[in-house]
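Trainee: I would like to learn how to read a model like this one, feature by feature. Could we go through it slowly, with the general idea before each case?

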Amino acid sequence: MDTPTSPTGDDSAAVQAELTRLRESIDNIDAAVIHMLAERFKCTQQVGHLKAAHKMPPADPAREARQIARLRALAENAKLDPAFAEKLLNFIIAEVIRHHETIARS
């Protein structure tokens, strides 16, 4: 019976070791991203409380537009697709606004 071909011998071990190393780096980066998002949301929660206390609207379209433009530029400089960065930021902004609305109602 035929079996799928795969690297053998030293090549296989070297490939697996490199794959493991890269995946460990990815896992570390993912953990850092989660922790950074948690810190970001702690700050935006404080913004939500401040806005609610001063009867300010949950959303700030001008600020959001500036942030999107700034992050698109950062993404370009980092060789990351700016459209992806914008989609990610829009998702985060929507969640922040939802939190601010909840805080304002409470």
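Trainee: Where does Gln 67 lie, and is Gln 67 buried or exposed?

Mentor: This is a predicted model, so everything we say about it is computed from predicted coordinates. To judge burial, we look at the relative accessible area of a residue, and under 20% we call the residue buried. Gln 67 lies in helix H2, and because its relative accessible area is 10%, Gln 67 is buried.

Trainee: Which residues is Gln 67 in contact with, once its neighbours within four places in sequence are left aside?

Mentor: With those neighbours set aside, Gln 67 is in contact with Arg 40 and Leu 89.

Trainee: How many helices and strands does the protein have, and in what order do the elements run?

Mentor: There are 3 helices and 0 strands, and from the N terminus on the order is α-α-α. The radius of gyration is 21 Å, well over the 13 Å that the globule rule gives for 106 residues, so the protein is more spread out than a compact globule.

Trainee: What share of the residues counts as buried, and what does the accessible surface come to?

Mentor: Of the 106 residues, 17% count as buried. The accessible surface of the protein comes to about 8,400 Å², and 62% of that belongs to carbon and sulfur atoms.

Trainee: How should I read Ile 97, and where is Ile 97 found?

Mentor: Ile 97 is found in helix H3, and with a relative accessible area of 18% this residue is buried. Leaving aside its neighbours within four places in sequence, Ile 97 is in contact with Pro 58, Ala 59 and Glu 64. A distance between C-alpha atoms can be set beside such a list: those of Ile 97 and Asn 28, which are 69 residues apart along the chain, are separated by 29 Å.

Trainee: How many salt bridges does a search of the whole structure find?

Mentor: To read a salt bridge, we look for a side-chain nitrogen of Lys or Arg within 4 Å of a carboxyl oxygen of Asp or Glu. The search of the whole structure finds 4. One of them joins the side chains of Arg 72 and Glu 86, at 2.6 Å from N to O. Arg 72 lies in helix H2 and Glu 86 in helix H3, so this pair ties together parts that are 14 residues apart in sequence. Arg 72 is partly exposed, at a relative accessible area of 27%, and Glu 86 is also partly exposed, at 26%.

Trainee: Which side chain meets that of Arg 21 in a salt bridge, and which meets that of Glu 95?

Mentor: Arg 21 pairs with Glu 18, at 2.7 Å from N to O. Both lie in helix H1, 3 residues apart, which is about one turn of the helix. Arg 21 counts as partly exposed at 42% relative accessibility, as does Glu 18 at 36%. Glu 95 meets Arg 98, at 2.5 Å from N to O, and these two are separated by about one helical turn, being 3 residues apart in helix H3. Glu 95 is partly exposed at 25% relative accessibility, and Arg 98 is partly exposed at 44%.

Trainee: How far apart are the mean positions of the positive and negative charges?

Mentor: The mean positions of the 14 positive and 15 negative charges are 14 Å apart.

Trainee: What is the phi of Lys 55, and what is the phi of Lys 79?

Mentor: Most residues other than glycine have a negative phi. Phi of Lys 55 is near 55 degrees, a positive value in a residue other than glycine. Lys 55 has its place in the loop between helix H1 (9-53) and helix H2 (61-77), and at 75% relative accessibility Lys 55 counts as exposed. Phi of Lys 79 is near 65 degrees, again a positive value in a residue other than glycine. Lys 79 sits in the loop between H2 and helix H3 (82-105), and Lys 79 counts as exposed at 76% relative accessibility.

Definitions and conventions: Residues are numbered from 1 along each chain as its sequence is written. This is a predicted model: local features need pLDDT of at least 70, side-chain atom pairs count only at pLDDT 80 or more; totals for chains, interfaces and linings use all residues. Side-chain values use heavy atoms; hydrogens and water are left out. Helices (H or I, at least four residues) and strands (E, at least two) are DSSP runs, numbered from the N terminus. The radius of gyration is taken over C-alpha atoms; the globule rule is 2.2 Å times the number of residues to the power 0.38. Buried means under 20% relative accessible area, exposed over 50%, partly exposed in between (1.4 Å probe, protein chains only). Accessible areas come from the Shrake-Rupley method with a 1.4 Å probe; for residues, only the protein chains shown count as cover. Lys and Arg count as positive and Asp and Glu as negative; His and the chain ends are not counted. The place of a charge is taken as NZ of Lys, CZ of Arg, CG of Asp or CD of Glu. Contact means heavy atoms within 4.5 Å.
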